[in-house]
Amino acid sequence: MLESWQAVVLGLVEGITEYLPVSSTGHLILAESLLGLRTAEAKPALDAFTVVIQGGAILAVLGLYWSRVLGMLRGVLGQDPAGLRLLINLVIAFVPAAVLGLTLDHWIEAHLFRAGPVLFALVAGGVFMIALHRFHAPPTNAHGIDEIDVRQAVLMGAMQCLALWPGTSRSMVVIAGGLLLGLRARDAAEFSFLLGLPTLGGACVWKIFKEREVVAQLGVTPVALGIAVATVSAAFAVRWLVEFLNRRGLEPFGWYRLGLAAALWISLVLG
């Protein structure tokens, strides 16, 4: 099983990369390979650990956006119409990936959780972000998260389905979808963060239920350390990303993804 320091390293990688549009999966595969953990025997435990420590990323967003979450809860009680509208839009955006993910879960794990598909997704996503930054002009009447309508929620939910392909980056496709639909960069990022609450939370609960024996074998200490480190690092990453997107956009992340794909390919070639 994982040693404590290995759990800390993987938690740090997960927290930093979960909400950045760079693919946490690609980074975790690379980190696991460099740590000498990625063997056939260890794969079930590593896959379970990777999903479980996403709980840290969830806690980070809950802490940073507690006012939004509180507004949605008040909306359910009929005290905040804007909060209720946001909650409905998040549910609408969540459903497509949830349904498709449950339907294709076994097929995805069997065919896509490999280096080749992840490399392809990293490169394709990188090229897409560079092209989006260079050829998509931001609208002059860009709007905020409170102005998202049902159609936009459905389209961003459809975009999130692309992230079922490992290496794509859920954050990348939702933020890009929001930009294409006329959202301001910070609002597209915020919607992506909030959409991660049900998406990552659902995946985490499903993995714990489905692989409960494997999760139990991981041990309390590695899991607790991984979640704690992921929480703190994700909080810093989220704050940094919002400001960076406002200044530089998505293009730097596109070039970074291409570099990561090259590093991953070299690591595979060298064994």
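The model is predicted, and residues are numbered from 1 along the chain.

**Aromatic pairs**

- Tyr19 and Phe193 form an edge-to-face pair, with ring centres 5.5 Å apart and 80 degrees between the planes; the pair counts as edge-to-face because the angle between the planes is over 60 degrees.
- This pair links distant parts of the chain, since Tyr19 sits in the loop between helix 1 (4-18) and helix 2 (24-34), while Phe193 belongs to helix 10 (residues 185-210), 174 residues apart.
- Tyr19 has a relative accessible area of 0% and is therefore buried, and Phe193, at 0% relative accessibility, is counted as buried too.
- Trp240 and Phe244 make a stacked pair, with 4.7 Å from centre to centre and 25 degrees between the planes; here the label is stacked because the planes are under 30 degrees apart.
- Both Trp240 and Phe244 lie in helix 12 (residues 220-248), where they are four residues apart, or about one turn of the helix.
- Trp240 has a relative accessibility of 41%, so it counts as partly exposed, whereas Phe244, with 11%, counts as buried.
- Ring pairs also join Tyr19, Tyr65 and Phe193 into a cluster.

**How helix 2 packs on helix 13**

- The axes of helix 2 and helix 13 (residues 251-269) are 10 Å apart, and the two helices pack at an angle of about 30 degrees.
- Helix 2 and helix 13 are therefore roughly parallel to each other, a description that applies because angles under 35 degrees count as roughly parallel.
- The crossing in which helix 2 passes helix 13 is left-handed.
- On the helix 2 side the residues in this contact are Gly26, His27, Ile29 and Leu30, and these meet Tyr256, Leu260, Ala263, Leu264 and Ser267 in helix 13.
- Sorted by class, the contact of helix 2 with helix 13 has six nonpolar residues, three polar residues and no charged residues.

- Helix 9 (170-180) is mostly covered, with ten of its eleven residues buried.
- The buried residues of helix 9 run through Arg170, Ser171, Met172, Val173, Val174, Ile175, Ala176, Gly177, Gly178 and Leu179.
- What covers these buried residues includes helix 1, helix 7 (115-135), helix 8, helix 10, helix 12 and helix 13.
- After helix 9 comes Gly182, which has a positive phi near 100 degrees.

**Positive phi in residues other than glycine**

- Most residues other than glycine have a negative phi, and the points below describe residues that depart from this pattern.
- Ser23 is not a glycine, yet its phi is positive, at about 80 degrees.
- Ser23 lies in the loop between helix 1 and helix 2, and at 2% relative accessibility Ser23 counts as buried.
- Ser169, likewise a residue other than glycine, has a positive phi near 90 degrees.
- Ser169 is found in the loop between helix 8 (150-161) and helix 9, and with a relative accessible area of 8% Ser169 is buried.

Technical notes. This is a predicted model: local features need pLDDT of at least 70, side-chain atom pairs count only at pLDDT 80 or more; totals for chains, interfaces and linings use all residues. Side-chain values use heavy atoms; hydrogens and water are left out. Rings of Phe, Tyr and Trp (its six-membered ring) pair if their centres lie within 6.5 Å; planes under 30 degrees apart count as stacked, over 60 as edge-to-face and the rest as tilted. Buried means under 20% relative accessible area, exposed over 50%, partly exposed in between (1.4 Å probe, protein chains only). Axes are lines fitted to C-alpha atoms, for helices over the stretch in contact, and angles run from 0 to 180 degrees between N-to-C directions. Angles under 35 degrees count as roughly parallel, over 145 as roughly antiparallel, 65 to 115 as roughly perpendicular and the rest as oblique. A crossing is left-handed if the near helix is turned anticlockwise from the far one by less than a right angle, and right-handed if clockwise. Contact means heavy atoms within 4.5 Å. Ala, Val, Leu, Ile, Met, Phe, Trp, Tyr, Cys and Pro count as nonpolar, Asp, Glu, Lys and Arg as charged, and the others, Gly among them, as polar.
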